[in-house]
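This report walks through one protein model, from strand pairing to cores and rings. Keep the sequence and coordinates open while reading.

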Amino acid sequence: MEERITDILEQYFAEEPNFQDCFLVDINHSSNKLEVFVDSDSAMTFDKCRRISRKLEKDYMDVEQPLGEKYILEVSSPGVSRPLKLWRQYVKNIGRTVEVQLKEGDKYSGQLKTVEPSHIELEAKVRRKEGKRKVTRVEEVEIPFDAIKKTIVKVTF
């Protein structure tokens, strides 16, 4: 099912001029519910989600009925509560505040400054021990992608 949805959406994004900057982020499904998370390099609008939903219904869900006749289909952007999964999402969020949890357990919070194919760079507050006391300084921190467990965009007001 996931492979079929991916094929349909990749073709749709390639062919439709208003959707060429869209990309599939994730697919979740249960017995009768399908959630499709799509993002865009520009704004991900309600209208884009609605049109993607209609495309999936027309070309797949109603024809092949992978979840039966009665199903729930939700197409949305990932939202700020969901971790970043793809390189393109990191690029889209340059300049925003993120919280990065490493596989080894350390956490960094700071402004996402640079995204390279192998790593990201944050401007983060780092606590270091200097002598007998701890000092907090703002430093550039380079984090390899393979060390990241999850990254969440933090909403600031």
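## Strands, rings and cores

A hairpin joins β5 to β6 through three residues. The model is predicted. Strand β5 covers residues 107–115 and strand β6 covers residues 119–130. They pair in the antiparallel sense over five bridges. One point of this pairing is Gly110, whose bridge partner in β6 is Ala124.

β6 also pairs with strand β7, residues 133–144. The sense is again antiparallel, with twelve bridges. Ala124 has Glu139 as its bridge partner in β7. Ile120 has Ile143 as its bridge partner in β7. The hairpin of β6 and β7 has two residues between the strands. In this hairpin, Gly131 takes a positive phi near 70 degrees.

Most residues other than glycine have a negative phi. Gln65 has a phi near 45 degrees, a positive value in a residue other than glycine. Gln65 is placed in the loop between α2 and β3. Its relative accessibility is 36%, so Gln65 counts as partly exposed. Lys70 lies in the loop between α2 and β3. At 73% relative accessibility, Lys70 is exposed. The C-alpha atoms of Lys70 and Lys103 are separated by 40 Å. Along the chain these two lysines are 33 residues apart.

**Cores.** Which residues have the most contacts inside the largest nonpolar core? They are Leu9, Val36, Val38, Ile52 and Leu56, in a core of 22 residues. Five elements each supply at least two residues of this core: α1 (2–15), β1 (22–29), β2 (33–40), α2 (46–64) and β3 (72–76). Leu9 touches Leu24, Val36, Val38, Ile52 and Leu56, with residues up to four places away in sequence not counted. A second, separate core has 15 residues. Tyr90, Ile120, Val126 and Ile148 are among them.

**Aromatic rings.** How many aromatic pairs does a search of the whole structure find? It finds three. Tyr12 and Phe13 form a tilted pair, because their planes stand at 45 degrees. Their ring centres are 6.3 Å apart. Both residues are buried: Tyr12 has a relative accessible area of 9%, and Phe13 is at 6% relative accessibility. Ring pairs link Tyr12, Phe13 and Phe19 into a cluster.

Tyr90 and Phe145 also pair. Their ring centres are 5.1 Å apart and their planes are at 85 degrees, so the pair is edge-to-face. Tyr90 lies in helix α3 (residues 87–92), and Phe145 lies in the loop between β7 and β8 (148–153). The pair therefore ties together parts that are 55 residues apart in sequence. The two partners fall in separate burial classes: Tyr90 is buried at 4% relative accessibility, whereas Phe145 is partly exposed with a relative accessible area of 21%.

| Ring pair | Centre distance | Plane angle | Class |
|---|---|---|---|
| Tyr12 and Phe13 | 6.3 Å | 45 degrees | tilted |
| Tyr90 and Phe145 | 5.1 Å | 85 degrees | edge-to-face |

A charge also meets a ring. The charged end of Arg82 sits over the ring of Phe37. It is 3.9 Å from the ring centre.

**Cysteines.** How many disulfides does the structure hold? The count is zero. Cys22 is in no disulfide, and the nearest cysteine sulfur, that of Cys49, is 8.4 Å away. The cut-off for a disulfide is a pair of sulfur atoms within 2.5 Å. Are these cysteines buried or exposed? Cys22 counts as buried at 4% relative accessibility. Cys49 is buried too, with a relative accessible area of 10%.

Methods
Residues numbered from 1 in each chain as written. Predicted model: local features only at pLDDT ≥ 70, side-chain atom pairs only at ≥ 80, totals over all residues. Heavy atoms only, no water. Pairing = 2+ DSSP bridges. Helix = DSSP H or I, 4+ residues; strand = E, 2+ residues; numbered from the N terminus. Buried < 20%, exposed > 50% of the residue type's maximum accessible area, 1.4 Å probe, protein only. Phe/Tyr/Trp six-rings, centres within 6.5 Å; stacked < 30°, edge-to-face > 60°. Lys NZ or Arg CZ within 6 Å of the ring centre and 35° of its normal. Core = buried A, V, L, I, M, F, W, Y, C linked by side-chain atoms within 4.5 Å. Contact = heavy atoms within 4.5 Å.
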